[in-house]
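Hello,

Here is the structure for your files. My notes follow below it.

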2 protein chains.
Amino acid sequence: MRIVRTIAELRAALAEARGAGAAGSGAAGSGATGSGSGSAGSGSAGSGAGASSADAAPRRVGMVPTMGALHEGHLSLVRAARAENDTVVLTIFVNPTQFDEAADLAAYPRQEERDAALAAGAGVDLIFAPEPAEMYPSGFATTVRVSGALAETLEGAARGAAHFDGVATVVSKLLLAALPDSAYFGLKDAQQLLVVRRMVADLGIPTRIVACPTSRDPDGLARSSRNVRLSAETRSRALAIPQALEAAIDAVGSGERDAGRLVRRAEATLAAAGLAVEYVAIVHPETLETVHRVDTTALLAIAARAGEVRLIDNAILQRANPAHPDEEE
Amino acid sequence: MRIVRTIAELRAALAEARGAGAAGSGAAGSGATGSGSGSAGSGSAGSGAGASSADAAPRRVGMVPTMGALHEGHLSLVRAARAENDTVVLTIFVNPTQFDEAADLAAYPRQEERDAALAAGAGVDLIFAPEPAEMYPSGFATTVRVSGALAETLEGAARGAAHFDGVATVVSKLLLAALPDSAYFGLKDAQQLLVVRRMVADLGIPTRIVACPTSRDPDGLARSSRNVRLSAETRSRALAIPQALEAAIDAVGSGERDAGRLVRRAEATLAAAGLAVEYVAIVHPETLETVHRVDTTALLAIAARAGEVRLIDNAILQRANPAHPDEEE
C-alpha cells in the first residue's frame, strides 16, 4: 500500500494501476492482447503487474473518501469497494472548509499511522492524504454549491450553508483527482450522501455513488470518528439516540403516522438522557422536505450533543403496509 | 461529422473516437478516466505493441465550446483545436443561466444548420448541441462559483454575479461530459477565459485551457455573434471600440502611464461615437484588480452598447520598456 500527498502523484499511481503507464497504450483493453505472453511468464496477478494481465475488462477503481480517524464504519466502506474494484483508493483529508466551528476542526482526531495500518489490513491499495495547501492552494476561489432543501435543511441549517459548500467542493475535487468508477459513502451521513449524489449527477462527474449501511457498535451507537471523544458517561447517554430511532421505527410499525408526535417522543427520549438536541426531523428521504405524516417511507434525522461531542444519526421509517395511504389510523 | 444531443451519446462517440469502444468497455466512466490519466501527464508513448489501433499515442480530443451563431472567430478556435487533436468537438448551447436579460437571451441568434455546415467545413468531427433540459434536468441544483475580483468585476458587475456562475457551471459540465485534453477559448472574452482557467485549476478538471487571439473583421471590429444585429449605422459607430483600444495602445507606447487619463480618453471616444458606455476599465491582466498606472502590462476592457446591441472588447496595454518600473514619465 502506498501513501501519496499530491494530486499529480495520485493520478500517476492510478494511471499505472489502470495499465496506462505499464503498457504505454492509450486504450485500456488493447494492452492486454499484446502482453498476454508476458504476464503468463511473470505469473503475477498482483495489482501492479496485473496491468498487463490477460484481462481485457477495464480495471476498476473504487474510492472511499474519509477524514481519517478510521473505524469499523470506514472499513465496511473499504470492504464494499474492495469487492467491486481492482484498485481501492482511500482518501484522508480533514477538510477545513466544511467545519463551521474552529474548535470542532481542531478537536477532530488525527492518527494517520494507525489509519494506514487499518487501511492496509482492509485491502486499501492507495491512500491519498493531501495537506490543505494541496487541495486549496493560494488563490483558490471556486465553490461547488448545491441549493435548496437538500443542502439547506438539517445539517445545512445547523452548521450553516458553508458546510455543504465545503463538502460538495472537496468531494468534487477528490472525485476529479481520481476519476474513480465508484465512490462509497455511509448512510450515517444521509444528507451528505444526497448532496453528493445531486452534485455528481448535476455536474456529470462520471462516478457511481454507492450508499453503504450505517455501521453500529453492538450497543447500537452509530460508529463515528467523534465517538473517541465520548467519556463512558456521555457515551452511555448518547445511546438515547439509537434508542429514539428504534422507538420511532417500532411506533411506525405499530401504526403511528403522525410525524409531530414521533418527533416529540424522540425529543423527549433525548432530553431525558441529558442530551442537547439540535434537531429531530422527519423528512422525505430523497428531497429532505418536511413531511407531516409517515404514509410510505420517511427519514428520521437526529443531531444532538452529548457533552461537547456533536453526534448525528438517522433511520428510515417505513410504513408496514403502505398500500392504502389514505387510511386513517 | 455527427451531431449528438445527449451527454450519453457524446461520451459514447468519444469513447469510440478514443478507441475505448473497440475494447468493449461499456462504462462511460472508464472512457473518461482514460482521458483523465492521459492528460494528467502520463502520456509517455510506449512501444505500442499490441495496440488495437495502429497508433499507440493517446488519441487527443479538443473541445470548442460555443453558443452557436458561428463566425470566423469560432472557426479560428476550431482550426487551433484541429491542429493539436485527433478529434474536435464543437459544442453549441445557448446557456440560459448566463444571461441576465431575457430579451438578450431571446435575441441571441440561433442558426444550427448554417453552424453545422461551417463546422464541418472547418474540420469539426462532432457537434454536441443539447437542449436546455439535457443540461439542466428537473431538480438540477448545483452551481459552480468563482469568487473574488476575477468574477465580480467588469462583466460580473455589469451583468450580475449569476452571469459567471452560469458560465462556470456550464463550462464545468461541458468539460466533464467530454473530458477533452484541451479546450479553446477566445481572448475577446478575456474575463470568461480567466474565470474558466481558475475554475478548471481549482476543481482539477484534467483539461488544458487554450487562449486564442481575438478575431477581427478587416475594419477592426471584434467578431461576435451579436454583430449580426448591428445595422450599418450602429456598426459604423461600434468601430469606436477598437479605435479606443488602438488609441490607448498607442498612448501607452508613447509613454502614457496614467490609467485614469487613458480611461477618460477611451470613454470620450466611445461617447463621441454615440455609444452607451457600460464600463471602461484598466485592470491587472491576471487578477482583474484595478491598476492606476500601466507600469508593465494591463488589460483595457470595454463594454458598450451600440443601439440595442451590447458589445465587449479588450486589449493588452504593454509598456514599451518595462525594465524600469520606477521611472517617472
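Start with Cys212(B): this residue is buried, at 6% relative accessible area. Cys212(A) is buried too, at 5%. (Buried means under 20% relative accessible area, exposed over 50%, partly exposed in between, with a 1.4 Å probe and protein chains only.) The disulfide count over all chains is 0, where a disulfide is a pair of cysteine sulfur atoms within 2.5 Å.

This is a predicted model: local features need pLDDT of at least 70, side-chain atom pairs count only at pLDDT 80 or more, and totals for chains, interfaces and linings use all residues. Residues are numbered from 1 along each chain as its sequence is written, chains are lettered from A and ligands numbered from 1 in the order written, and side-chain values use heavy atoms, without hydrogens and water.

Next, the cores. The largest nonpolar core has 100 residues. (Such a core is a set of buried Ala, Val, Leu, Ile, Met, Phe, Trp, Tyr and Cys residues joined through side-chain atoms within 4.5 Å.) Leu10 and Met199 of chains A and B have the most contacts inside it. A second, separate core has 31 residues, including Leu230(A) and Val263(A).

Last, Gln98(A). An unreviewed UniProt entry puts a "binding site" there; such annotations may be inferred rather than shown by experiment, and positions follow the numbering used here, with feature names shortened. Gln98(A) is buried, at 9% relative accessibility. Its side chain makes a polar contact with that of Asn95(A), at 2.9 Å. (That is a pair of N or O atoms within 3.5 Å; within protein, one must be able to donate a hydrogen and the other to accept it, and residues adjacent in sequence count only if both atoms are side-chain atoms.)

Best wishes
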